[in-house]
Structure formats: C-alpha cells, structure tokens
Amino acid sequence: MRVANEILIPEFRQYIAERKEVLFTPSGVSMRPFIEGDKDSVVLTALERDPRIGDILLVGIPVNGATSYVLHRLVRLEHDQQGKITYVLQGDGNLFGEERCAREDIIARITAIKTPDGRTKTLTRGRLWFYLKPLRKWLLKLYRHTWLKWCYN
C-alpha cells in the first residue's frame with residue numbers, strides 16, 4: 001500500500017523530532033544499487049551532527065510553492081561569499097542531475113538499509129560508489145541485467 005509523501009513525511013518529522021527511528025520502504029530507482037525501491041527499507045534518524053559527504057539524506061526541497069521529497073546522497077557542499085552552505089545531493093543511480101538544499105530542508109539521515117530477507121546493507125559501500133562515478137553507467141547496466149534478476153526474482 002502506498003501513502004502519499006504529503007501524509008507520511010509530516011508523521012516522520014514528528015517521530016524524528018522525538019528522537020525516534022522511522023523504518024520505511026522508499027519507492028523509485030534513483031538510489032540503485034544501494035537502495036532498491038519498493039523492496040529495501042531504510043531507517044531514518046534525526047541529525048545528531050552536521051551532514052557529511054556520503055550521507056544519505058531525506059530532504060524536502062521547495063519547488064514552485066510545493067515540496068518535493070528526495071532520498072539521495074550528499075555529494076558536495078557549496079559555500080557562498082556570505083558563508084552560507086548549500087548541500088548538493090545526487091541519487092546513486094543517477095548519472096546526471098543534482099538537487100540543492102539548505103540545512104533546514106534536511107529532514108533525516110539514513111542510518112541503515114534493510115533487505116526484504118532482513119539483512120542490513122553496509123553504508124560504506126555507497127561512499128566508494130561516489131568515487132566510481134566515471135564507471136557508473138556500465139556498473140548500473142551490469143547491475144540491472146544480472147544482479148537484480150538474480151537477487152530479486
């Protein structure tokens with residue numbers, strides 16, 4: 001059963017503000033190969049420290065008077081002349097395209113990824129993935145055509 005982000009995210013915010021963990025199953029393919037949408041679940045927690053490059057963040061980005069929610073990896077920090085920090089995110093499965101947000105747009109950090117069979121995926125592999133960006137196109141193709149079929153079918 002799918003529930004709209006406009007309903008779920010305010011509930012998540014409340015639990016996270018109370019320092020509770022939230023377990024949910026995201027949809028989409030933008031975080032492949034580390035989060036398989038509609039299959040893997042993620043554990044959301046409050047930010048207890050400043051986000052670091054490589055962290056996976058749940059972010060609400062204002063777009064044309066509405067909010068767009070993404071679950072992507074922090075790939076870069078940009079500093080303007082006034083010292084304001086912009087957080088730049090990108091999905092692991094995205095070859096192009098980035099999102100930018102302010103610190104107040106960050107809702108939570110992912111602290112664990114759980115597979116349907118109960119295993120916990122390591123978060124450190126995603127940090128290595130960042131450095132493999134020139135090879136991602138080929139690695140994602142290999143993942144879609146071999147690993148996915150073997151693991152999830």
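Q: Which residues does H79 touch, not counting those up to four places away in sequence?
A: K84 and I85. Contact here means heavy atoms within 4.5 Å. This is a predicted model, where local features need pLDDT of at least 70 and side-chain atom pairs count only at pLDDT 80 or more, while totals for chains, interfaces and linings use all residues. Residues are numbered from 1 along each chain as its sequence is written, and side-chain values use heavy atoms, with hydrogens and water left out.

Q: Why is H79 called exposed?
A: Its relative accessible area is 55%, and exposed means over 50% (buried is under 20%, partly exposed is in between; 1.4 Å probe, protein chains only). So H79 counts as exposed. H79 sits in strand β4, residues 66-79; strands are DSSP runs of E, at least two residues, and helices are runs of H or I, at least four, numbered from the N terminus.

Q: What makes F12 and F24 a tilted pair?
A: Rings of Phe, Tyr and Trp (its six-membered ring) pair if their centres lie within 6.5 Å; planes under 30 degrees apart are stacked, over 60 edge-to-face, and the rest tilted. F12 and F24 have ring centres 5.0 Å apart and planes at 50 degrees, so they pair, and the pair is tilted. The two sit twelve residues apart, F12 in helix α1 and F24 in strand β1, and both are buried.

Q: Which residues touch the most other members of the largest nonpolar core?
A: F12, I16, V42, L44 and L71, out of 17 residues. Such a core is a set of buried Ala, Val, Leu, Ile, Met, Phe, Trp, Tyr and Cys residues joined through side-chain atoms within 4.5 Å. The largest share, four residues, comes from β7. A separate second core of ten residues includes V59, I61, V70 and L89.

Q: How do you know that β3 pairs with β4?
A: Two strands pair if DSSP finds at least two bridges between them, and β3 and β4 have eight, running antiparallel. I61, for one, stands opposite S68 in β4. β3 also pairs with β7, again antiparallel, over three bridges, and there L58 stands opposite A108.

Q: What makes the charged end of R73 sit "over" the ring of F34?
A: The rule wants NZ of Lys or CZ of Arg within 6 Å of the ring centre and within 35 degrees of the ring normal. For R73 the distance to the centre of the F34 ring is 5.8 Å, and its charged end does sit over that ring.
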